[in-house]
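Colleague: Before I use the words in your description, I would like to know what stands behind them. Please show me the model and take my questions one by one.

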Amino acid sequence: MIGLGEFLKKAFARKSEGKEVAHKKGVVYRKNVAYGDGKRFYDLFAPNARRASALSASIPVIYLHGELFSDAQRRSRDEFCARLASEGFSVVNAGFGVCEDGSASAAEALDALTDHLVTEISGFAADGRVIFCADGSGVWLAVDFIARAARDPRSFRVRPAALVAFSGLYDLSYFADNHTRRGFKSQAVRAFCGLDAKAGFTREERGILAGYDVTPRVDEAFPPVFAAYSVNDEYYPGQGERFAKACARKGVTLREYRAEHAFCRHNWQLAEDDVYASAVTASAVRFMRDVASGAPLRGEYTEI
């Protein structure tokens with residue numbers, strides 16, 4: 001297994017990947033690394049080698065941001081990814097650029113990204129394992145990847161060892177009831193499923209959207225899940241509850257975090273000055289460390 005110092009040295013060696021920068025959280029990061037067709041980018045956050053254990057190099061985190069159907073800005077997750085890196089994990093903050101062409105291309109981009117990471121960064125996911133950490137529609141993308149990799153493992157370079165899901169979007173029929181919600185870009189929804197969100201949906205089209213529900217893809221081989229959502233989340237509490245129940249029915253190891261939170265809004269987990277968000281992050285980090293070390297997944301991983 002490659003040591004963390006060597007991992008960092010090689011990960012930041014390529015001049016074409018931009019300049020290594022120190023972050024205020026005591027980590028180092030490299031911005032705007034191109035992959036795939038050269039039109040998509042990711043940011044790489046890594047622990048300071050003097051502070052972190054070699055464990056972080058053995059199981060990196062790939063963060064899949066939400067908003068695939070709206071702004072698709074990975075940079076809004078920078079501080080959160082830096083927080084995870086400060087806890088000892090190497091973190092890839094992935095960008096998909098799907099605002100115009102929809103989430104179908106995001107699935108292809110994720111495949112290209114994992115191939116790139118394993119091929120171009122020496123020591124990345126040396127044993128094949130990665131942790132997916134995601135929010136919103138990024139969770140849909142993670143579940144889709146996990147299910148496809150389980151069906152055809154030889155075609156995938158990484159093996160998801162766990163999923164940390166913040167207010168996940170699992171069922172795209174959500175758009176059938178909320179297609180006029182401000183912020184959604186109808187052209188992205190149309191590119192994904194061929195339907196015009198701007199005009200609303202017929203009964204037949206609602207059935208098509210229902211076919212994009214990834215909840216049924218959970219099976220006994222699914223990796224452990226840390227599902228975090230608030231009952232007052234403005235977007236997806238019902239979806240989170242259904243997904244958690246699907247995990248429990250299939251015997252998937254589930255560490256669920258729910259709480260009343262009067263001021264909860266979308267992307268609540270990104271708020272650094274919020275007690276609830278900080279507690280959830282601390283719980284998720286403990287879960288991730290246990291997954292990375294192979295420790296038994298015990299306890300409730302709950303701070304409050």
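Colleague: How many cavities of 30 Å³ or more does a search of the whole structure find?

Modeller: One. Keep in mind that this is a predicted model. The largest cavity holds about 40 Å³ of space.

Colleague: What makes that space a cavity and the other one, of about 290 Å³, a pocket?

Modeller: The word cavity applies where a 1.4 Å probe fits but cannot get out, whereas a pocket is an open set of points. The space of about 40 Å³ is listed as the largest cavity, and the space of about 290 Å³ as the largest pocket.

Colleague: Which residues line the largest cavity?

Modeller: Its lining is made of Ala165, Phe166, Ser167, Gly168, Tyr170, Ala227, Ala228, Tyr229, Gly240, Phe243 and Ala244. At least two lining residues come from each of S7, strand S8 (225–230) and helix H9 (237–249). S7 gives the most, with four residues.

Colleague: How is the lining of the largest cavity divided by class?

Modeller: There are eight nonpolar, three polar and no charged residues. Ala, Phe and Tyr count as nonpolar, and Gly counts as polar.

Colleague: What is noted about the phi of Ser167?

Modeller: Phi of Ser167 is near 45°, which is positive in a residue other than glycine. Most residues other than glycine have a negative phi. Asn32 is also not a glycine, and its phi is positive, near 55°.

Colleague: Where does Asn32 lie, and why is Asn32 called partly exposed?

Modeller: Asn32 is in strand S2 (residues 27–35). The label partly exposed covers values between the 20% limit for buried and the 50% limit for exposed. Asn32 has 32% relative accessibility, so Asn32 counts as partly exposed.

Colleague: What puts Arg159 in its accessibility class?

Modeller: Its relative accessibility is 49%. Arg159 is in strand S7. Leaving aside neighbours within four places in sequence, Arg159 is in contact with Asp127, Gly128, Arg129 and Val130. The C-alpha atoms of Arg159 and Pro223 are separated by 9.4 Å, and these residues are 64 residues apart along the chain.

Colleague: What lines the largest pocket?

Modeller: It has 15 lining residues, of which Ile146, Ala149, Ala150, Pro160 and Ala221 lie nearest its centre. Helix H5 (137–151) and S7 each supply at least two residues of this lining. The largest share, five residues, comes from H5. By class, the pocket lining has eleven nonpolar, no polar and four charged residues.

Colleague: Ser137 lies in helix H5. Is Ser137 buried or exposed?

Modeller: Its relative accessibility is 4%. The limit for buried is under 20%, so Ser137 counts as buried. Beyond its neighbours within four places in sequence, Ser137 is in contact with Gly66, Glu67, Leu68, Phe69 and Leu169.

Colleague: How do you know that the buried residues of H7 line one face of the helix?

Modeller: The buried residues of helix H7 (residues 186–193) are Ser186, Ala188, Val189, Phe192 and Cys193. Seen down the axis of H7, they fall within an arc of 160°, so they line one face. Phe192 has 9% relative accessibility and therefore counts as buried. H7 is followed by Gly194, whose phi is positive, near 75°.

Colleague: What share of the whole chain counts as buried?

Modeller: Of the 304 residues, 58% count as buried. The chain has ten helices and nine strands. Its accessible surface comes to about 13,200 Å², of which 47% belongs to carbon and sulfur atoms. Among contacts between residues at least 6 apart in sequence, 73% join residues at least 24 apart.

How values were computed. Residues numbered from 1 in each chain as written. Predicted model: local features only at pLDDT ≥ 70, side-chain atom pairs only at ≥ 80, totals over all residues. Heavy atoms only, no water. Buried < 20%, exposed > 50% of the residue type's maximum accessible area, 1.4 Å probe, protein only. Arc of directions from axis to C-beta. Contact = heavy atoms within 4.5 Å. Areas by Shrake-Rupley, 256 points an atom, 1.4 Å probe, with all protein chains shown as cover. 1 Å grid on protein atoms, 1.4 Å probe; cavity = no way out; pocket = protein on both sides within 12 Å on 5 of 7 lines; lining within 4 Å. Points joined across faces, edges and corners; volume = space filled by probe spheres on them.
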